[in-house]
Amino acid sequence: MSNIINTSAFAHYSLRSSDLAAQNELIQKIQKIIKEFNEKYSGLANADLEIEEHLPVFEKSEDDTLINIAKKAAENAGVNLKVSSFHAGAETHIYANRKNIHGRKFQPVLMGIADVYNMHSSDEKIDIESYNKGYEFLKAFLDNV
């Protein structure tokens, strides 16, 4: 039997935010919890918070131009379009905070269409017919840009 008490512990959280205000609110809540913990257990235990940003926040653009073009392209390609997300993938967080060669803010768009099953698993599958229809959608989209 041992009565050794661990003198250190660590907790890591990873946030990928699309809302800077919500991210800051969450960080303030965590800071408050740590402050209250340190006050309650003063002399017995102490908690510290370190915050590192690996990817900047990517907030949704208010410009619906590309969504409207996508709707028109979907209609032309005979595709039932459902806009359900405005970004995915870490690269959108990187490029969305940069400027293009003309000094204008870059707005990345990830596009495609296919029925994907078991996404991000070893059993991931893509329906080939929906993939082919997606190709027609992308062609129609680029014809309208």
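Student: Is Asp64 buried, partly exposed or exposed?
Tutor: This is a predicted model, and in it Asp64 counts as partly exposed, because its relative accessibility is 35%.

Student: Where is Asp64 placed?
Tutor: Asp64 is in the loop between H1 and H2.

Student: How many Å apart are Asp64 and Leu15 in space?
Tutor: From C-alpha to C-alpha, Asp64 and Leu15 are 26 Å apart, and in sequence they are 49 residues apart.

Student: Let us turn to H1. Where is Gln23 found?
Tutor: Gln23 is found in helix H1, which covers residues 20–40.

Student: Is Gln23 buried or exposed?
Tutor: Gln23 counts as buried, because its relative accessibility is 17% and the cut-off for buried is under 20%.

Student: What does Gln23 touch?
Tutor: Leaving aside residues up to four places away in sequence, Gln23 touches Ser17 and Val57.

Student: And Asn38, which helix is that in?
Tutor: Asn38 is in helix H1. With residues up to four places away in sequence not counted, Asn38 touches Ala45, Asn46 and Ala47. Asn38 and Asp48 are 10 residues apart in sequence, and their C-alpha atoms are 8.9 Å apart in space.

Student: New topic: which residues form the largest nonpolar core?
Tutor: That core has nine residues: Ile69, Ala70, Ala73, Ala74, Ala77, Val79, Phe137, Ala140 and Phe141. Helix H2 (65–77) and helix H4 (128–144) each supply at least two residues of this core. H2 gives the largest share, five residues.

Student: What does Phe137 touch?
Tutor: Phe137 touches Ala70, Ala73, Ala74, Ala77, Val79, Leu81, Met111 and Ile113, again not counting residues up to four places away in sequence.

Student: How is a pair of packed helices described?
Tutor: One gives the angle between the two axes and the distance between them.

Student: At what angle do the axes of H2 and H4 cross, then?
Tutor: The axes of H2 and H4 cross at roughly 125 degrees and come within 8 Å. H2 and H4 are therefore oblique to each other, since angles of 65 to 115 degrees count as roughly perpendicular and those over 145 as roughly antiparallel.

Student: Is that crossing of H2 and H4 right-handed or left-handed?
Tutor: The crossing of H2 and H4 is right-handed. On the H2 side, the contact is made by Leu66, Ile69, Ala70, Lys72, Ala73, Ala74, Asn76 and Ala77. H4 contributes Lys133, Glu136, Phe137, Ala140, Phe141 and Asn144 to the contact.

Student: How many residues of that contact are nonpolar, polar and charged?
Tutor: The contact of H2 with H4 has nine nonpolar, two polar and three charged residues.

Student: One last topic, the loop between S1 and S2. What is the phi of Asn118?
Tutor: Asn118 has a positive phi of about 55 degrees, although it is not a glycine. Asn118 is in the loop between strand S1 (116–117) and strand S2 (125–126). With 40% relative accessibility, Asn118 counts as partly exposed.

Student: And His120, what is its phi?
Tutor: His120 is not a glycine either, yet its phi is positive, at about 65 degrees. His120 lies in the loop between S1 and S2.

Student: Why does His120 count as exposed?
Tutor: His120 counts as exposed because its relative accessibility is 74%, and the cut-off for exposed is over 50%.

Conventions: Residues are numbered from 1 along each chain as its sequence is written. This is a predicted model: local features need pLDDT of at least 70, side-chain atom pairs count only at pLDDT 80 or more; totals for chains, interfaces and linings use all residues. Side-chain values use heavy atoms; hydrogens and water are left out. A nonpolar core is a set of buried Ala, Val, Leu, Ile, Met, Phe, Trp, Tyr and Cys residues joined through side-chain atoms within 4.5 Å. Buried means under 20% relative accessible area, exposed over 50%, partly exposed in between (1.4 Å probe, protein chains only). Helices (H or I, at least four residues) and strands (E, at least two) are DSSP runs, numbered from the N terminus. Contact means heavy atoms within 4.5 Å. Axes are lines fitted to C-alpha atoms, for helices over the stretch in contact, and angles run from 0 to 180 degrees between N-to-C directions. Angles under 35 degrees count as roughly parallel, over 145 as roughly antiparallel, 65 to 115 as roughly perpendicular and the rest as oblique. A crossing is left-handed if the near helix is turned anticlockwise from the far one by less than a right angle, and right-handed if clockwise. Ala, Val, Leu, Ile, Met, Phe, Trp, Tyr, Cys and Pro count as nonpolar, Asp, Glu, Lys and Arg as charged, and the others, Gly among them, as polar.
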